[in-house]
Amino acid sequence: MKVNGKGESNKGTSVSQGDGFYQKRVKEIYRFLEENLYFNRPDMEIKGERFNTSLLFGLLTALGRGKELIIGEPGVGKTTSAEFIGSLVYQIPVGVIWSSEVSGHPEQTEEKIIGRPDLGKLNKGIEEVVWSHFSQIPVKIVDEINRLPETKQSMILDGVDRGNWEYLNEMIINEEYCLFATANYQDQGTNTIIPPMIDRFDILVESRHPGPNVSYLVAECWDKENILRHPELERDFEEVLNRKIPYHTKLSEVEAVSNRFGEFLESRVGLKLLSQEERRLILSQVRGLDFSTDASAFTRMTLAELSFCYYHGQKRSVENCVEGCHYSGYFCHEIKNCASNRLPMSIRSYSQILAWFLEDREVGIEHVKVVIPYTLAHRIRWRDEYLARMEKSRRNDPFMLFLAKGAVKEMLRRYDEQGDRIKEALGVGFRILNGEELEPIEGDHPVYLEIMKDLSMEPS
Amino acid sequence: MRNPFEEFKDFERRRRDIPLDQIVKSKNVTMARIMEGYEKLLEEEVKELVWLVQYNTVIKAYANAEKSIKGLEFKPEDIEDFCYELDSSDRIPYMITGPAGIYIAALCNHCEEDEVVLKLEDIKTQINLLGYRLPAGKRLLIEGNVGDFAGIGVEGGELIIEGSAKNYAGAGMRSGKLVITKNVGHHTGEWMMGGEIRVGGRIRGLGNIMDGKIYEREQLIYPKDGRYSPRNG
């Protein structure tokens, strides 16, 4: 049995199961969410299956330990979808998730988000940190993050990025966590999300209005979150989280309460949730999935278009694109900033988990194609001329996502035309670096020049 | 540093066929089969045809040529390509204009199209026996000069040569039409038994004609008394 792409079998673990076993369990969770908790239209089709984007990416975020920014109008289910998904994937009663959420507002403080001194002990001269529930539990939700002033957004940068939370001289590290942040569209009460913060989000999705008919159905089921409530276990969770014991010890106690909630939910609605060990196993299967050469080459081609500058060596947000450049037909000409190294990480992790979810043996161009727009939308800063040119276009998606999807479509068209040549150029690149005396493959796309740079053969 | 291209170390480019590739590929296959048939014909007939064209050897060679191309699917362009291959290729062991002409005639006569156009202006060799036994309903148009025995034994078809022909044009013709826009050589219409020959230029000499009509520059010169006698070729 090949459990993961690297051929590591999971023999010996109590949860080892054959191919597709966990995917079916996760799909059951998806269907449960879709039928009972988050009502919306399926708006995405992948390989013949229809999904709701917000729900699917939310589920993949929770499973893959990702970071998702959910945008949308107020009251269209941004926060509640994250709460439901987090509750089901991590076996946490929704009441605990509510209590740990960070609400974005201008007066928010580090003490409320991360931790505070134990005032009783401080009076006795002892410094001890009382960690917030937000910093401790694996499902982290920041509601209306763009209401946090820019200066305060940086408070959660490290925690969001690496899962390490520091206060006074103490630190806890979350081994397993996911982050959902919601943002309303700009109004007088919102701020811009600072670029270092926005780059930390793997993906951006819009929680969309479900349409009048489904919306009417939502109104009928006003108490649906009660399915995921368990006041007694919520109190147990709180008691464990407040306990003054080392964090790693606390985690095993959290897991015990969590498993009790899973058992309760299985008996109540017949849905089997995932234990911590099962989630870990799923992630090892996910990370073991290899990329096809097409998926890899197309991703490299995308990264080349978003980071390349013929005149300045690379894209830099402080340098302007030269008019009349030969490469003005590529997206490097339409954007201001440079793709960060977090972009390929986001593309990689979400493509892998999507491929896993669809029970595919490797990550193909189909998966990458679906994922890339959602990883790009919030990260690209387009040139004003391009925005002006495109803003009147008819669209179904929010503007930034619409632009990202258009860009991916355009790049994919280019890849369809010259994918084989690009792969050949990469293959020849390998052989040249391995010492063979060959001429690099040349072509018009920036990726060819980037390959030549790696070979130290850039034309003068 | 790790080789960043490692994922592509085994990549070998499989060239995608574009429609043109398919056409070229299929043409190459057809041409190979036409060549093969011709070489087979040469092997069987070369000894008899090398020195002399005699009518019984031509008949036998034509029968063999028909056998060689049986089941072969080709277009008029393939015949034209074959003519150029004959003229220039080093793939053919030897070029003998007689068997070549017989073989081309068989190809023309068995081609599905009723009209075959061969643009042979640029060909260096003047091929003999073109249009042999061209049947009724077939029209063969040759652009360029041809060798001896053009239109020999035409059986009702129409052979138009936009250029000149050499000796024995229309020899043994039974019915049909042979049009030569420029000049022809000696023995024109030798043992001709029907049909008509129209020459736009000059006829060097007529052959021993049995029946049929021959025009030179729109003038009927056979059958009637003219500056040529039937036997003065």
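What share of the 460 residues in chain A is buried? Buried residues make up 55% of chain A, where buried means under 20% relative accessible area, exposed means over 50%, and partly exposed lies in between, with a 1.4 Å probe and protein chains only. The structure is a predicted model, in which local features need pLDDT of at least 70 and side-chain atom pairs count only at pLDDT 80 or more, whereas totals for chains, interfaces and linings use all residues. Residues are numbered from 1 along each chain as its sequence is written, chains are lettered from A and ligands numbered from 1 in the order in which they are written, and side-chain values use heavy atoms, with hydrogens and water left out.

Chain A contains 20 helices and eleven strands; these are DSSP runs numbered from the N terminus, with helices (H or I) of at least four residues and strands (E) of at least two. Of the contacts in chain A with a separation of 6 or more, 73% are accounted for by residues 24 or more positions apart, a contact being heavy atoms within 4.5 Å.

One helix pair shows how such elements meet. Helix H1 (residues 21–37) and helix H14 (residues 276–287) of chain A pack at an angle of about 115 degrees, with their axes 11 Å apart; the axes are lines fitted to C-alpha atoms, for helices over the stretch in contact, and angles run from 0 to 180 degrees between N-to-C directions. The contact is made by Tyr22(A), Arg25(A) and Val26(A) on the side of H1(A), and by Glu278(A), Leu281(A), Ile282(A) and Gln285(A) on the side of H14(A). These contact residues divide into four nonpolar, one polar and two charged, where Ala, Val, Leu, Ile, Met, Phe, Trp, Tyr, Cys and Pro count as nonpolar, Asp, Glu, Lys and Arg as charged, and the others, Gly among them, as polar.

Next come the open spaces. Rolling a probe the size of a water molecule over the atoms shows where empty space is left. On a 1 Å grid over the protein atoms alone, a cavity is a set of points where a 1.4 Å probe fits but cannot get out, a pocket is an open set with protein on both sides within 12 Å along at least five of seven lines, and lining residues have an atom within 4 Å of a point. Grid points are joined across faces, edges and corners, and a volume is the space filled by probe spheres set on the points.

The largest pocket has a volume of about 890 Å³, and of the 26 residues that line this pocket, the closest to its centre are Thr299(A), Arg300(A), Leu303(A), Pro344(A) and Pro4(B). Helices H15 (293–307), H16 (342–357) and H20 (446–454) of chain A are the elements that give two or more residues to its lining, and H15(A) provides the largest share, six residues. By class, the lining holds 13 nonpolar, six polar and seven charged residues. H16 of chain A also carries Gln352(A), which is buried with a relative accessible area of 2%. Leaving aside its neighbours within four places in sequence, Gln352(A) is in contact with Val286(A), Arg287(A), Leu289(A), Phe291(A) and Val363(A).

The second largest pocket holds about 770 Å³ of space; 28 residues line this pocket, and the closest to its centre are Thr192(A), Ile193(A), Ile198(A), His378(A) and Met400(A). The largest share of its lining, four residues, comes from H10(A), and the lining as a whole divides into 18 nonpolar, seven polar and three charged residues. Pro196(A) is found in helix H10 of chain A and counts as partly exposed at 38% relative accessibility. The C-alpha atoms of Pro196(A) and Arg379(A) are separated by 9.9 Å, although the two residues are 183 apart along the chain.

Arg379(A) is also one of the residues lining the largest cavity, together with others including Leu306(A), Ile335(A) and Leu376(A). This largest cavity contains about 60 Å³ of space, and the count comes to three cavities of 30 Å³ or more.

Chain B supplies some backbone features. Most residues other than glycine have a negative phi, and most peptide bonds are trans. The peptide bond from Tyr222(B) to Pro223(B) is cis, with omega near 0 degrees. Glu218(B), which is not a glycine, has a positive phi of about 70 degrees and is exposed, with a relative accessible area of 70%.
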